[in-house]
Amino acid sequence: MKFADVTNDTAFHKVFCMAKHTMALMSLLNAVLYPDASNRVERVTIESPHLFPPVPAGKTSIFCANVTDAFGRKFIVEVQFADKAGFHKRIQFYTLRDHSADSERIHNYRMFRPTHFISFLNFDFAQNPSYFTTHQTMDTETGENLLKDVKYFFIELTKFHKQEHELVTMVDKWTYFIKNAHNLHVIPSNVDDEGLKTAYLEADQQTWTKAERDAYVEFGIYLTDIAQEKLFEHKKGKQEGAAEKEIELILEMEREGFSIAQIARVTKKSEAYVSEIIAKQKP
């Protein structure tokens, strides 16, 4: 077996966003939303899965699902892999967007569906050292939770370090799959959940079509290009910052009465360069 990296947009949609894969998706949702098995997700309808999309600038994996639990309660769940840039504001924007869409569809506030967000993060987000945290609106003094319709579930992959023999909960097992599947060649022996087993089987690239494998590789190249571009911008910013500090040092020494030769010796620059910097700053 050759499992794909599920954080790749193509693999993510292959595993979770096809109608026949609701077993895997329901298993993931139950692991996150009801880890104590107090309730169960029983029906899921995926909205606009966009299977194998073309590579769009700035896109991160995300899909929306209409969910019904065992008590007949209906709500919206969005699952995404998120990058760090603007994440705090973006996740709150999604909340407003979903409730706005609901308000256009219905005309009675009592029919508003709760919204839950499940975000897999490749960066540290919360101060809590736990890799799995839940956030919702509470009274800052008493901790009372009156506004229950919006919840955020964050799974920080950077904080997950459990090995196969340490996996206990279904959240553990799903997070292990998402973070480590691409480094595995067999399904772990402790996988006894049919939904999770289905996810491993669907992530096996050896069962994919050529078009699916090509789309997976294409998106991987895109992610690599984006990472290199960000690294270049970071290095460029550091270099520009260092140059600005160097210029400020030269000008400060000149204001303090140091000679061109002394400034050149301290800054390890040529006297011609120091003279040029000083001349540019003079009216």
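**Helix packing and aromatic contacts**

Helices H4 and H5 run roughly parallel to each other, as their axes cross at roughly 0°. In this predicted model, H4 spans residues 170-180 and H5 spans residues 194-202, and the two axes come within 11 Å. On the H4 side, the contact is made by Met-170, Lys-173, Trp-174, Tyr-176 and Phe-177, which meet Gly-195, Leu-196, Ala-199 and Tyr-200 of H5. These contact residues divide into 7 nonpolar, 1 polar and 1 charged.

Turning to ring pairs, the model holds 10 aromatic pairs. One of them brings Phe-125 and Phe-154 together edge-to-face, with 4.7 Å between the ring centres and 65° between the planes. The partners are 29 residues apart in the chain: Phe-125 belongs to the loop between strands E4 and E5, and Phe-154 to strand E6. Phe-125 has 23% relative accessibility and so counts as partly exposed, whereas Phe-154, at 3%, counts as buried.

Another edge-to-face pair is formed by Tyr-131 and Phe-160, whose centres lie 4.8 Å apart and whose planes are at 75°. This pair, too, links distant parts of the chain, with Tyr-131 in the loop between E4 and E5 and Phe-160 in the loop between E6 and H4. Both Tyr-131 and Phe-160 are buried.

A ring also meets a charge in this model: the charged end of Lys-269 sits over the ring of Tyr-273, 5.7 Å from the ring centre.

Note on methods: Residues are numbered from 1 along each chain as its sequence is written. This is a predicted model: local features need pLDDT of at least 70, side-chain atom pairs count only at pLDDT 80 or more; totals for chains, interfaces and linings use all residues. Side-chain values use heavy atoms; hydrogens and water are left out. Axes are lines fitted to C-alpha atoms, for helices over the stretch in contact, and angles run from 0 to 180 degrees between N-to-C directions. Helices (H or I, at least four residues) and strands (E, at least two) are DSSP runs, numbered from the N terminus. Angles under 35 degrees count as roughly parallel, over 145 as roughly antiparallel, 65 to 115 as roughly perpendicular and the rest as oblique. Contact means heavy atoms within 4.5 Å. Ala, Val, Leu, Ile, Met, Phe, Trp, Tyr, Cys and Pro count as nonpolar, Asp, Glu, Lys and Arg as charged, and the others, Gly among them, as polar. Rings of Phe, Tyr and Trp (its six-membered ring) pair if their centres lie within 6.5 Å; planes under 30 degrees apart count as stacked, over 60 as edge-to-face and the rest as tilted. Buried means under 20% relative accessible area, exposed over 50%, partly exposed in between (1.4 Å probe, protein chains only). A charge sits over a ring if NZ of Lys or CZ of Arg is within 6 Å of the ring centre and within 35 degrees of the ring normal.
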